[in-house]
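Walk through this model with an eye on how the chains meet.

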Amino acid sequence: VTAFHPDELLPQLVAGGIAAEDRASMDEHLSRCPRCRMEHARLAEAAALLAVALEPVPSPRGARDRLLAAVRGGA
Amino acid sequence: LRAAARAHHEAQVIFGRRAASGDDDVRLVERTAAGDRDALGELYDRFAPLLRALARRMVEGEREAEALVQDAFVDAWRSAGRYDPAVVSVRTWLLLALRRRAVDRIGGSAGRLAGVAEGAPPGDALDAGRAAALRAVSSLPPEAREVLELGYYGGLPAAEIAGRLGVSVETVRARLVAGIEHLRARLDVLEGLS
């Protein structure tokens, strides 16, 4: 098996798009590699500033109730 | 001194450590993991406006945006038991869930692309955390900001960004890394103040 180099893909995972098959192998790797898990989080916290910088948008009426109804019954 | 106090406050807010009231974020996820829907509702109250802002930037249409936010919170409900506060903040954990759903929906074609400052109100109307984030984003080198906007908001793969900009995939990757590290350095400064 060829060595998988997730470090190269981590920036794309947190701040880009990534093909489903690449993401599946990333998820698998992250689930068993604490070092990559921490690095992934480190990058994700930084990229999150791009979201935090946006103007928050109030939730539409009823959206909260729809969510809670959706998870009722062990969804 | 006043500036230092303000920076300290900003740092607390920007990391989501300071809850406005009630349980802190991590406790809410623990309660959610135990099947407490009220806790999920509190997380929703706290973070849905942020997630919705990102969703609206990533997909077209209010309905699509709402579906994304709902999906992200349903994912949070299902995976709350695996949340590890030692690894990632609750806020970023939820944003990751939203982006994952959004990227699936977008499927390689950019959704809504617009600058981060679009529609920003005057500076004094911003909360401290958002103001600090805006300053960090505004300080990005233009090339890094461009690829981050296409990648983070557009949900585009590096190859797609490269095609749009007429540069190599390696260049896109390098700019993504440079941009994220730039933001990370800003976070680290704020964290050092907290």
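A residue counts as buried under 20% relative accessible area, as exposed over 50%, and as partly exposed in between. Keep those cut-offs in mind, because the side chains below are sorted by them. The model is predicted.

R184(B) has a relative accessible area of 9%, so R184(B) is buried. Both residues lie in helix α9 of chain B. They sit 4 residues apart, about one turn of the helix.

Now step back to chain B as a whole. Chain B has 9 helices and 0 strands. Along the sequence the pattern reads α-α-α-α-α-α-α-α-α. Of its 194 residues, 47% count as buried. The accessible surface of chain B comes to about 8700 Å², and carbon and sulfur atoms hold 50% of that. Consider next the contacts in chain B between residues at least 6 apart in sequence: 68% of them join residues at least 24 apart.

E64(B), D71(B), D75(B), R101(B) and R105(B) form a network of salt bridges. Over all chains, the count of salt bridges comes to 20.

Turn to the interface. Here 59 residues of chain B are in contact with 44 residues of chain A. The area buried between the two chains is about 4700 Å². Carbon and sulfur atoms give 63% of that buried area. Polar contacts cross the interface too: 18 residue pairs, both residues at pLDDT 80 or more.

Which elements of chain B give two or more residues to the side that touches chain A? They are α3 (37-58), α4 (62-79), α5 (90-106), α6 (128-138), α7 (142-153) and α9 (169-193). The largest share, 15 residues, comes from α3(B). By class, this side of chain B has 34 nonpolar, 8 polar and 17 charged residues.

Some of the charge is paired across the interface. Side chains of opposite charge can pair when their charged atoms come close. Between chain B and chain A the count is 6 salt bridges. One of them joins E66(B) and R66(A), at 2.8 Å from N to O.

How accessible are the two ends? R100(B) counts as partly exposed, because its relative accessibility is 33%. D27(A) is partly exposed as well, at 28%.

Another pair is D45(B) with R64(A), at 2.7 Å from N to O. D45(B) lies in helix α3 of chain B and R64(A) in helix α5 (residues 63-71) of chain A, so the pair joins two chains. D45(B) has a relative accessible area of 45%, so D45(B) is partly exposed. R64(A) is partly exposed too, because its relative accessibility is 27%.

Definitions and conventions
Residues are numbered from 1 along each chain as its sequence is written. Chains are lettered from A and ligands numbered from 1 in the order in which they are written. This is a predicted model: local features need pLDDT of at least 70, side-chain atom pairs count only at pLDDT 80 or more; totals for chains, interfaces and linings use all residues. Side-chain values use heavy atoms; hydrogens and water are left out. Contact means heavy atoms within 4.5 Å. Buried area is the accessible area (1.4 Å probe) that two parts lose on being put together, summed over both. A salt bridge is a side-chain nitrogen of Lys or Arg within 4 Å of a carboxyl oxygen of Asp or Glu. A polar contact is a pair of N or O atoms within 3.5 Å; within protein, one must be able to donate a hydrogen and the other to accept it, and residues adjacent in sequence count only if both atoms are side-chain atoms. Ala, Val, Leu, Ile, Met, Phe, Trp, Tyr, Cys and Pro count as nonpolar, Asp, Glu, Lys and Arg as charged, and the others, Gly among them, as polar. Buried means under 20% relative accessible area, exposed over 50%, partly exposed in between (1.4 Å probe, protein chains only). Accessible areas come from the Shrake-Rupley method with a 1.4 Å probe; for residues, only the protein chains shown count as cover.
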